[in-house]
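Me: I've got a protein structure to look at and I'd like to work through it with some questions. Can we go step by step?

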Amino acid sequence: MSDPAVSARDEPLLGRHVQPPCPAAGPFPATVTEYPVTFTGTAQEYFRLWIVNIALTFVTLGLYLPWARVRNRQYFYGHTWVDGQNFEYRASPAALLRGYLLVAALFLAYAVSGQFESTQWVAGVLVLIYGAAYPLLVRQSMRFQAVNTVHRGLRFRFHGTVGRAYVAYLVTNFVAGISAGLALPWAWYMQRRYQTEGLAYGAARATFRGDVGPFYLIGLTALGLTLAGGVILGVPLFALAAALLSGFDAGLLDSGNILSSGLWLAALVAGYLAVLILYVVAWQYVRGATMVYMLNNVELGGVFRTRATFSPWRLVWISVSNSAARVLTLGLASPWAAVRQTRYILGGVTVRAIAPLDDFVAGVGGEASAFGEAATELLDIQVGF
Amino acid sequence: MGPDGGSLALQGVYFDGRSSRDQPATLTVAAQTATLKVAGGAAEHRWPAHLLDVEAPVPGVRRAVTLPGGGRFETHDDAGVSAWERATGRNLALGGIRALESRWGAALAALGASLVALALFLMYGIPAVARQAAFATPRSVLAAFDRETIGFLESGEFFGPSRLSLARQAQLGAAFREVAGWAGSNYPYRLLIRDGEAGGPNGLGANAFALPGGTVVLTDQLVALAGSDRELMGVLAHETGHVTGRHGLAGVYQALGLTLVTTVVAGDLISAGTFAAAVPAAILSGGYSRAAETEADEASGRYMLETYSTTRPLRTMLARLERQDRQKEGTATTSGPSLIDLLSTHPGTPARIEHLKRLEADGLPAPSR
């Protein structure tokens, strides 16, 4: 593998972004250029890459996993084009492997020690450490992701501070918890703002022009959706459960009642699926709407904005139907689903700039440990944009 | 070095690593030196060829060469870059993987290999690892496990104090000490006789089971069901087989392993706790536990043959338990029927009896551990 930190290390630090040609032209200069984002990956091509990587991961007992992850990302980044140039993902799989092994060891220690009373304190201590280090891990993960994303030969960077990470990921979640969720949209806002404001492309820093209000709107929409869906799906199920309960009460689930227990099982499965679907719909809506809002409110170096025109509702439908397709094909449709979703999202993103895209200059590079990345992936934290 | 030892010219774009400007350029690589000529005749860079790195190939993505000093050169000339890679031994492994990724035949083979690897891992890998982990677990942990489980069973009204006379309990205890002495391996064996129908809905009924630390629980109901003490000793010897084989603990680890595998395989699609993931896990656990039963039966069979020269009492007992199970479907061993019970407990008893018969016909099998 090549050196993961080839870039600006031994180059002199150059100044800020070159000013646009007419800085005094007001908020809407005449030369706004739109660059559509395009995705050129195909499901067939990605399927082959995906299945070969899965097989290699199995055959190497998991040791190939970091290479598989990196290749998957490289495929998606490499097929994402803006203004004739594609993105690249440059993480070093060897660095990821070290992080994975460390995290896997910790996770195993947690899982095993949690099984026995005499060692449960170990699991407890690990949970406490994880909770305390969570914001740090998120920050590390973002640094890692940013510094390994390259476009036009320039790296992205993430310069969000540790202190702000603790505010965005510990304080806000704590407040959201004690306020019974009332502060949850505020927590989302703080987290998205932290993610966006910390980002830089070369020397050009990103700013977030968004506000907390729209996050409350998103939260309320999701809540209303859940409540309405709960009533629509829940009432018939409750009626069915009540009918079944009145049918037999004394010999609860005793022998002979095969039919009743079969119905019970069906009702349980239906109820479970209903809850699952409601959860997926509400959560995917929040994710999609947040993504649209963020993309519409991020600004890079004062000359560059993104615009998202994809619909969060359409994204919900794509997520739900993708999940169904994955389940029905026992996972074999995953590549198709991933390509479909990426193509829809990126097809609705446009970059708008008042300066040519080749006017950005490098900023300070920066090493990032792969541990944060590995930890957040294995412990299942969703921090992606 | 170029494909034929000569030089190779690649057309592409050059980024200097300091600005986002793309400049059309030609990169010429020869055996010793690489030369980059930026269009417009502005500049020409020259480096020793070995300082250049080629990024690993990804299907459909244009190739990138990283240059000393942070620059990069990107080209659509995949054939040219591949020839250069082959000639200089760059990216051998990942180049081979890209070749696999480009073929449908390889993709189908990979699919087959994945399924085979998964099946092998589930059938042999997890049990083997769980077994090793179970045997590596210190005795103090086993003792804690026993204490905790007994406490849980008592508080949950799974059983109550035995109603057998103290003399009868002492008699059974003495007989069990013989079995335990035969089983050996220095476990702190103890027999707990308990009432399996203490009134709660969770009663165990006629039952016997072993905990990893050497605690064997026998219910009054099973004592009553047995036609003779030989039958009971057959059952208890079977339970000591579970202890020395560390089956209980291996079961815990197997469940853990299955959870991990389901999480990894299913990813964020279905979490490990969901119904969809629970069914295959339950079927597999059933398979693992049948293997453990066979092993414990073999231990018990050896004991029976050494002590009574026949495995008949244990076979009789198994057959009687099976009959009783069928009569009181669902209430005898667990509370309420479930999909899992249908799949795991019911088949097998005739096969187990047949196995014990074969053990007797073969005489004494392999020596104990």
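Predicted model: local features only at pLDDT ≥ 70, side-chain atom pairs only at ≥ 80, totals over all residues.

Me: How far apart are the end C-alpha atoms over residues 104–126 of chain B?

Reply: Let's start with what the chain does there: residues 104–126 of chain B are 100% helix and 0% strand. From one end of that stretch to the other, the C-alpha atoms are 31 Å apart.

Me: Over in chain A, which residue in S10(A) is the bridge partner of Glu34(A)?

Reply: Strand S10 covers residues 349–353 of chain A, and four of its five residues are buried. It pairs in the antiparallel sense with S9 (residues 304–308) over five bridges, and there Thr306(A) stands opposite Val351(A). S10(A) also pairs in the antiparallel sense with S1 (residues 33–39), over four bridges. In that pairing, the partner of Glu34(A) is Arg352(A).

Me: Back to chain B: is Tyr303(B) buried or exposed?

Reply: Tyr303(B) sits in helix H9, residues 275–308 of chain B. Its relative accessible area is 4%, and the cut-off for buried is under 20%. So Tyr303(B) counts as buried.

Me: How far apart in space are Tyr303(B) and Gly234(B), C-alpha to C-alpha?

Reply: Tyr303(B) touches several residues beyond four places away in sequence, including Met233(B) and Ala237(B). Gly234(B) is 69 residues from Tyr303(B) in sequence. In space, C-alpha to C-alpha, the two are apart by 7.7 Å.

Terms used
Residues numbered from 1 in each chain as written. Chains lettered and ligands numbered in written order. Heavy atoms only, no water. Helix = DSSP H or I, 4+ residues; strand = E, 2+ residues; numbered from the N terminus. Buried < 20%, exposed > 50% of the residue type's maximum accessible area, 1.4 Å probe, protein only. Pairing = 2+ DSSP bridges. Contact = heavy atoms within 4.5 Å.
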